[in-house]
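Let's walk through a protein model together, one question at a time. Keep the viewer open as you read.

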Amino acid sequence: MARYYGRIARVELGELQVAVAETQQPVCAAAETVQPQPQAEAAAPVKRRLSTLLVSLLAFLLVGGAAVAYAAGSGAVDWELPSLVSHTLTVSVNNQRQVVTSKAANVGELLTELGVDFDPEVDYCSQPLDQRLSDEMTLWVNDALRIAVTADGETAVVEALPLTVEQALALAGVELSPIDRVSLPLEQILLEDTELTVSRVTYEDITVSEAIEPEVVRQEFTYLAAGSTEVLSPGRAGEQLSHYRVFYADGEEIERVLQSAEITIEPAASIVGYGPMTLASRAAELGLDESELQTATTESGASFYYKEILEVQATAYTWTGNRTATGTWPKIGTIAVDPSFIPLGSKVYVVGYGFATAEDTGGAIKNNIIDLYMDTEQDCIQWGRRNIIMYVLE
């Protein structure tokens with residue numbers, strides 16, 4: 001017998017006419033005596049009737065089958081017949097795969113049979129619900145994703161099939177400005193329940209004054225003992241006016257971008273000297289006997305070689321706008337001396353001030369009085385006048 005699925009139409013077949021052969025006896029004269037029939041001959045009409053009934057039943061089934069096939073092919077569907085065979089297929093529900101065997105007529109019936117709560121408005125199914133089942137079919141079913149979108153202090157929940165972050169924001173009715181920020185990239189595809197956060201970004205332009213740290217420069221300083229280092233010039237921090245664009249996310253600063261800067265005070269490099277020589281090599285370089293060189297220690301602990309110790313009285317001066325007596329611009333490490341007492345160009349170490357070079361002179365600078373250059377007038381006042389020790393290096 002043929003098997004059929006789905007819905008079929010009733011087909012009016014009308015009254016089935018069956019020709020039944022009747023046994024007729026030969027007509028004899030009325031006066032002829034009727035002879036009794038044998039038992040076998042009496043049973044023949046019954047057999048013929050049974051054969052006729054079987055032929056009628058077979059005809060009915062054949063015509064009925066043809067009607068069912070015609071209805072299924074023509075789409076004249078009116079009522080359903082249950083599936084008569086089982087199908088084995090793979091079903092994945094929310095990425096949980098299982099192999100099932102079912103007599104369900106179509107995908108919709110199968111989902112009902114499996115207890116899957118399917119909403120065709122938002123849930124996903126890889127086949128139409130009226131699709132007939134077939135062996136080795138793979139069916140993918142996924143619940144709608146729940147995307148929570150938080151923006152402007154409110155949270156909206158969107159239910160949808162896999163989609164991009166940008167599409168989820170659109171479904172939630174959230175519009176973005178060009179500088180707003182989202183917790184995930186707009187082009188990212190969401191494949192599971194997700195929380196999205198939108199930060200509203202604003203900005204302002206500001207100008208601030210900032211220090212410029214001085215560069216640190218190391219240089220060889222032959223007056224230091226081997227292995228010793230000393231800050232020869234502390235340098236000076238510079239200043240600049242910096243113009244920033246400051247960005248805020250929901251009122252909190254998240255970034256500042258430097259737009260431009262103008263230097264108002266140039267920084268001065270910090271000079272760190274290091275000693276390259278032993279006592280013997282230094283003495284040889286100066287053409288002296290080792291006994292003519294002595295070693296002392298700076299306030300920071302660096303060892304240096306010197307030739308002579310002097311007691312001097314030190315005052316301080318600051319920028320005058322003029323060059324020194326030797327043609328240089330005064331800086332930290334410049335001192336004014338009486339050339340008859342200390343030759344110009346001499347290298348010295350002044351306790352409390354540091355290493356210096358005799359480069360300038362002054363009308364009040366006589367004999368053992370020296371004048372130390374300071375960056376500011378306040379530094380000069382703070383120094384005042386002091387009696388100190390000065391080491392002559394060269």
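What follows is a set of questions and answers on strands, salt bridges, surface patches and backbone angles.

This is a predicted model, in which local features need pLDDT of at least 70 and side-chain atom pairs count only at pLDDT 80 or more, while totals for chains, interfaces and linings use all residues. Residues are numbered from 1 along each chain as its sequence is written, and side-chain values use heavy atoms, with hydrogens and water left out.

Q: How many of the residues of strand E25 are buried?
A: Let's start with the terms: strands (E, at least two residues) and helices (H or I, at least four) are DSSP runs numbered from the N terminus. Buried means under 20% relative accessible area, exposed over 50%, and partly exposed in between, with a 1.4 Å probe and protein chains only. Strand E25 covers residues 369-373 and is largely enclosed by the rest of the structure, because its buried residues number 4 of the 5.

Q: Which residue of E25 is the bridge partner of Ala314?
A: Two strands pair if DSSP finds at least two bridges between them. Strand E21 (residues 308-317) runs parallel to E25, and 5 bridges join them. Within this pairing, Gln313 stands opposite Ile369, and the partner of Ala314 is Ile370.

Q: Which residue of E25 is the bridge partner of Ile335?
A: E25 also pairs with strand E22 (residues 334-336), in the antiparallel sense and over 2 bridges. Looking across from Ile335 into E25, you will find Leu372.

Q: Glu159 forms a salt bridge with which residue?
A: Side chains of opposite charge can pair when their charged atoms come close. A salt bridge here is a side-chain nitrogen of Lys or Arg within 4 Å of a carboxyl oxygen of Asp or Glu, and the structure holds 7 of them. In one, Glu159 of strand E8 (residues 154-160) meets a residue of strand E7 (residues 145-151), so the pair ties together parts that are 13 residues apart in sequence. The closest N and O atoms are 3.2 Å apart, and the partner is Arg146.

Q: Is Glu159 buried or partly exposed?
A: Its relative accessibility is 44%, and Arg146 also has a value of 44%. Glu159 therefore counts as partly exposed.

Q: Which residues are linked with Asp152 in a network of salt bridges?
A: Arg200 and Asp152 meet in a salt bridge at 2.9 Å, N to O. The pair links distant parts of the chain, 48 residues apart: Arg200 is in the loop between strand E12 (194-199) and strand E13 (201-212), and Asp152 in the loop between E7 and E8. Arg200 is partly exposed at 22%, whereas Asp152 is exposed at 54%. The residues linked with Asp152 in the network are Asp180 and Arg200.

Q: What is the area of the nonpolar surface patch made by Tyr124, Trp140 and Leu161?
A: Tyr124 lies in strand E5 and is partly exposed at 35%. Accessible areas come from the Shrake-Rupley method with a 1.4 Å probe, and for residues only the protein chains shown count as cover. For this patch the area is about 250 Å².

Q: What is the phi of Glu136?
A: Most residues other than glycine have a negative phi. Glu136 lies in the loop between E5 and strand E6 (138-142), and counts as exposed at 75%. Although Glu136 is not a glycine, its phi is positive, about 65°.

Key: Patches are made of residues with over 30% relative accessible area and no salt bridge: like charges are joined within 9 Å, nonpolar side chains (Val, Leu, Ile, Met, Phe, Trp, Tyr) within 5 Å.
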